[in-house]
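Work through the exercises below with the sequence and the model side by side, and compare each solution with what you find.

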Amino acid sequence: MNDEQHDVEVISAGQTLARADEVLPNVIHLLPVASRPFFPGQGVPLVMDAEPWRTTLEAAHEEGHDLIGIVLTRAEKAELAGPDDMYHVGTVGRIHRIQQTDGNFQVLVECIQRFEIEKVLSSERPFTARVEYRREPAGKPDPELKPYSVALINTIRELLPLNPLYQEELRMFLDRFGPDDPSHLADFAASMTTSEKEDLQAVLETYPLLPRMEKVLDLLHRELDLAKAQHKIRTTVEERMQAQQREFFLREQLKAIQKELGISKDDRTAEIDTFHERIDALRLSDEADQRVTEEMDKLAMLEAGSPEYAVTRNYLDWVTVLPWGKHSQDKLDLARARTMLDRDHFGLDDVKKRILEFLAVGIMKGEISGSIILLVGPPGVGKTSIGRSIADALGRQFYRFSVGGMRDEAEIKGHRRTYIGAMPGKFIQAMKAAGTQNPVIMLDEIDKIGASYHGDPASALLEVLDPEQNVDFMDHYLDLRFDLSKVLFVATANQLDTIPAPLLDRMEVIQLSGYIAEDKLQIARRYLLPRQTQRAGLKRSQLKVPVATLRAIIDGYARDAGVRRLEKQLGKIARKAVVKILDGAATPIEVGVDDLPGYLGPTLFRDERTLRGPGVVTGLAWTAMGGATLSIEAARAHGFNRGFKLTGQLGEVMRESAEIAYSYVVGHAARLGADTDFFKETFIHLHVPAGATPKDGPSAGVTMASALLSLALDRPVRRIAMTGEITLTGEVFPVGGIREKVIAAKRAGIRELILPIDNRGDFDEIPEHIRKGLKVHFSRTFDDVVPLLFRGTTT
């Protein structure tokens with residue numbers, strides 16, 4: 001075969017169709033196929049790669065009879081098939097035409113007769129095998145087969161309307177065979193189906209006509225069901241498309257009629273009129289008015305389908321929907337503001353006082369101009385709800401969004417219009433949502449704002465939160481100056497350390513320290529329990545939680561600074577009560593203290609293990625969750641040599657505080673009444689439980705020095721808690737978080753404290769109901785602390 005030949009080559013020119021009774025050779029070449037088997041009587045167009053099968057086709061041609069054995073293979077591709085992959089029954093066919101195109105052979109084969117492989121003579125291409133032929137039944141068909149023939153013909157007749165391809169195949173069959181030829185009729189019917197190749201091979205391997213026709217009839221019925229389903233789907237889709245096309249044409253005709261009558265406008269004209277109506281209701285600045293006029297002129301000239309049209313339209317949509325010159329009327333009533341704050345929040349008297357002072361100044365001036373308030377406190381103390389209460393008290397719109405984790409400057413100042421999908425920043429979006437130029441905007445989690453290669457959002461906030469600059473706030477998308485000076489900004493944070501100093505400088509800080517147990521009890525009774533009961537679909541009379549139970553929940557399951565955990569525990573009780581009521585329990589369901597483990601499981605917080613003995617002292621610490629008590633232990637490890645060891649995941653600052661405390665106590669041991677030889681021979685181990693919790697800060701210096709002195713004197717310290725930073729000269733320096741630490745001490749049942757004298761002002765600012773029942777000693781130096789540590793020496 002010529003490699004360069006690309007047009008049709010007729011191997012047997014003028015050759016007639018094969019006869020079923022002609023003598024066929026017993027040794028033939030095999031051509032494996034992977035898609036499906038072929039049946040006698042079929043004309044098969046085969047497409048195959050040229051290179052793998054060139055030798056096979058050339059060998060068949062050289063034999064002079066142009067016969068080839070087509071055998072189905074189990075392999076996924078015919079090129080990968082070997083003799084072991086081939087089924088043992090195939091169809092012999094005569095090659096009528098070969099055409100080579102783009103590296104492929106297109107071969108027309110006329111299938112003649114079934115054969116069965118007796119022995120494979122060549123296991124390499126070209127494959128050769130000795131075969132035995134299975135002749136089709138001749139003569140008059142058996143009358144028993146006639147019902148099956150009729151059933152096959154009727155099923156084929158049902159298939160014809162469903163797919164026009166069936167009609168062409170039937171016409172070709174009738175040109176060569178008749179309906180009274182049951183063997184070829186069964187083979188033809190099987191070839192019409194799209195059945196799996198294994199099912200078709202089973203038909204090919206079935207020689208007796210009756211079982212063969214039964215198998216084919218089963219395949220035809222499955223094909224009929226499939227064709228009906230496809231026809232139904234196609235009809236449904238066509239009907240839907242026709243309905244949509246009809247609706248589209250009717251709408252277009254309606255638009256044309258309305259346009260002719262002058263009662264309708266095209267989309268572009270309608271949008272331009274909408275923008276004009278919006279502009280007439282606004283008080284645009286001169287800059288914005290000029291820009292809008294330019295963009296409207298551009299919109300009128302652009303094609304509605306152009307990308308620039310969509311960009312311009314979206315820009316005008318944003319500009320004209322903003323509240324230019326719209327302000328809500330402030331409700332300047334101090335008594336109303338006080339009532340609303342008391343309605344929504346229990347306690348927090350100092351916070352309410354600060355907020356009312358801020359509002360009073362605005363009332364005195366006649367307006368509350370833009371300001372920035374920062375509410376700082378542990379989670380769950382009501383920072384977000386206070387911001388909403390401020391908006392309600394003033395009668396302003398409220399918009400809240402979180403800046404926690406924000407890393408892109410464009411979130412603040414918007415994307416430039418050159419970018420696909422560009423949008424204004426969060427503040428312009430807030431103004432659109434609020435509908436006025438003087439809403440209350442809350443920036444949640446401002447201490448968790450991030451930075452990345454996209455920019456620094458904290459720096460972008462400097463312009464927004466500066467009253468001197470935000471009067472002309474410039475958003476990158478609008479590229480217009482928008483006045484934010486009338487906005488009241490309320491930010492929330494859990495701590496101040498992570499807020500950039502320039503940003504913190506622009507805000508008025510209000511501390512929310514958390515709630516003591518009595519505050520939580522009242523909040524649970526007045527707000528949390530009724531709310532959770534309502535959410536669970538219960539009536540107040542169906543669930544009873546006594547005060548003693550609420551106290552046990554607060555002490556054992558919700559000892560943190562806020563009330564969020566407390567509300568979750570009450571919600572859990574309400575849900576389990578609903579289950580009991582639906583199971584038939586009598587109401588009201590009363591939850592006692594002893595019932596809590598069944599509702600809430602084991603207690604989450606336990607009373608601190610009483611650590612007693614020399615070297616054990618209780619300190620006070622501040623965390624982002626509020627205040628906490630901290631036991632510090634000092635122990636004599638051994639007397640082999642002098643040394644000092646620290647454990648408890650202490651940070652660098654806390655380690656330095658421990659070193660300072662150790663140096664001070666060792667250097668002044670004699671004056672403090674300790675044996676100087678104790679430190680010469682003792683290896684001291686200082687530990688701060690719990691070991692898995694990281695700790696840092698300078699406020700444990702006094703506590704560590706007290707623990708070391710207690711160990712040296714071999715005297716236990718009284719039940720007293722302390723905080724303060726110590727220096728090498730024994731001075732006690734002030735520390736932060738006094739309010740949280742005092743609340744933590746009172747929550748732990750400690751009634752006597754030692755604080756730095758410079759923190760007296762911080763202690764005096766703590767509400768009276770928190771300070772009540774506490775005995776506080778203020779120390780200037782460590783010498784003031786020593787007399788307070790041991791029994792019999794208090795002052």
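**Exercise 1.** Determine how the residues lining the largest cavity divide into nonpolar, polar and charged.

*Solution.* The lining divides into seven nonpolar, five polar and four charged residues, where Ala, Val, Leu, Ile, Met, Phe, Trp, Tyr, Cys and Pro count as nonpolar, Asp, Glu, Lys and Arg as charged, and the others, Gly among them, as polar. A cavity is here a set of points on a 1 Å grid over the protein atoms alone where a 1.4 Å probe fits but cannot get out, and lining residues have an atom within 4 Å of a point. The largest cavity is lined by 16 residues, of which Leu348, Asp350, Gly514, Pro767 and Ile770 lie nearest its centre. Helix 11 (349-365), helix 24 (738-747) and helix 26 (768-771) each give two or more residues to this lining, and helix 11 gives the most, with three; helices are DSSP runs (H or I, at least four residues) numbered from the N terminus.

The model is predicted, so local features need pLDDT of at least 70 and side-chain atom pairs count only at pLDDT 80 or more, whereas totals for chains, interfaces and linings use all residues. Residues are numbered from 1 along each chain as its sequence is written, and side-chain values use heavy atoms, with hydrogens and water left out.

Conventions
1 Å grid on protein atoms, 1.4 Å probe; cavity = no way out; pocket = protein on both sides within 12 Å on 5 of 7 lines; lining within 4 Å.
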